[in-house]
Amino acid sequence: SITPLGERGRHSSWGPTATAFLIGNLAGGAAMGLAAGAAGAALLGSAGAASVWALAIALAAGLALELRIAGLALPSLRRQVDETWLTRYRGWVYGLGFGVQLGAGLTTIVVSSTVYVTFIAALLSASPLAGLMLGALFGGLRGLTLLPARRVHDPRRLMRLHERMLALERPTRHAALAAQLLLIALAAALVAL
């Protein structure tokens with residue numbers, strides 16, 4: 001929804017809206033990461049080998065959910081950002097609001113187990129600072145997802161963007177699953193040291 005074409009149609013400017021979206025994502029992710037890290041510090045005291053094992057288990061469970069092993073599916077809310085904001089508020093307001101919600105990761109539809117694993121990692125870090133950094137990284141990367149839309153100034157480019165996104169959906173999913181396998185192996189190797 002946030003493209004230069006869409007923003008022009010709403011008498012708004014893409015740059016400020018996209019910037020607010022990125023800031024919101026950073027803030028939402030940082031806040032969730034900070035909260036998870038602080039909760040981990042209170043519950044666990046400190047991170048250790050057990051935390052690395054727990055992270056490996058979380059990664060493996062996420063992978064099993066992604067692959068629908070035993071018929072299980074990834075749990076998720078059925079809530080998305082409120083699109084009526086697009087016509088109700090200024091661009092920077094809905095950009096910031098959408099960003100905070102998406103950056104927090106767990107307040108809208110979750111399509112990948114890596115969202116859960118990110119905040120489990122923040123919890124297991126048992127450090128508010130580490131949690132904040134993990135959450136901010138997550139939110140920042142999520143906020144950058146608007147960059148491919150920066151050149152969408154007409155309907156033809158919007159169609160091409162959607163076609164590219166559909167074409168990349170399967171390879172991206174496979175790359176994410178492979179990365180989860182790699183992280184499981186890395187966590188196991190770290191504990192074995």
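Contact here means heavy atoms within 4.5 Å, and the structure shown in these views is a predicted model.

**View 1. The packing of helix α2 against helix α6.** Helix α2, which spans residues 14–44, and helix α6, which spans residues 113–124, pack with their axes 6 Å apart and at an angle of about 45°. That angle makes α2 oblique to α6, and the crossing of the two helices is right-handed. On the α2 side, the residues that meet α6 are Gly29, Met32, Gly33, Ala36, Gly37, Ala39, Gly40, Leu43 and Leu44, while α6 contributes Phe119, Ala122, Leu123 and Leu124. The residues of this contact divide into nine nonpolar and four polar, with no charged residue among them.

**View 2. The edge-to-face pair of phenylalanine 119 and phenylalanine 138.** Phenylalanine 119, one of the α6 residues that meet α2, also pairs with phenylalanine 138, the ring centres lying 5.2 Å apart. Because the planes of these two rings stand at 70°, the pair is edge-to-face. The pair links distant parts of the chain, with phenylalanine 119 in helix α6 and phenylalanine 138 in helix α7, 19 residues apart. Phenylalanine 119 counts as buried at 7% relative accessibility, and phenylalanine 138 likewise counts as buried, at 14%.

View 3. A search of the whole structure finds four aromatic pairs. In the pair formed by tyrosine 94 and phenylalanine 98, the ring centres are 6.0 Å apart and the planes are at 45°, so the pair is tilted. Both residues belong to helix α5 (residues 91–103), where, being four residues apart, tyrosine 94 and phenylalanine 98 are separated by about one helical turn.

View 4. Most residues other than glycine have a negative phi. Arginine 68, however, has a positive phi, near 60°, and its place is in the loop between α3 (49–66) and α4 (85–88). With a relative accessibility of 57%, arginine 68 counts as exposed. Alanine 126, which is not a glycine either, has a positive phi of about 55°, and it is found in the loop between α6 and α7, the latter covering residues 128–143.

How values were computed
Residues numbered from 1 in each chain as written. Predicted model: local features only at pLDDT ≥ 70, side-chain atom pairs only at ≥ 80, totals over all residues. Heavy atoms only, no water. Axes fitted to C-alpha atoms, helices over the stretch in contact; angles between N-to-C directions. Parallel < 35°, antiparallel > 145°, perpendicular 65-115°, else oblique. Left-handed = near helix turned anticlockwise from the far one by under 90°. Nonpolar A, V, L, I, M, F, W, Y, C, P; charged D, E, K, R; others polar. Buried < 20%, exposed > 50% of the residue type's maximum accessible area, 1.4 Å probe, protein only. Phe/Tyr/Trp six-rings, centres within 6.5 Å; stacked < 30°, edge-to-face > 60°.
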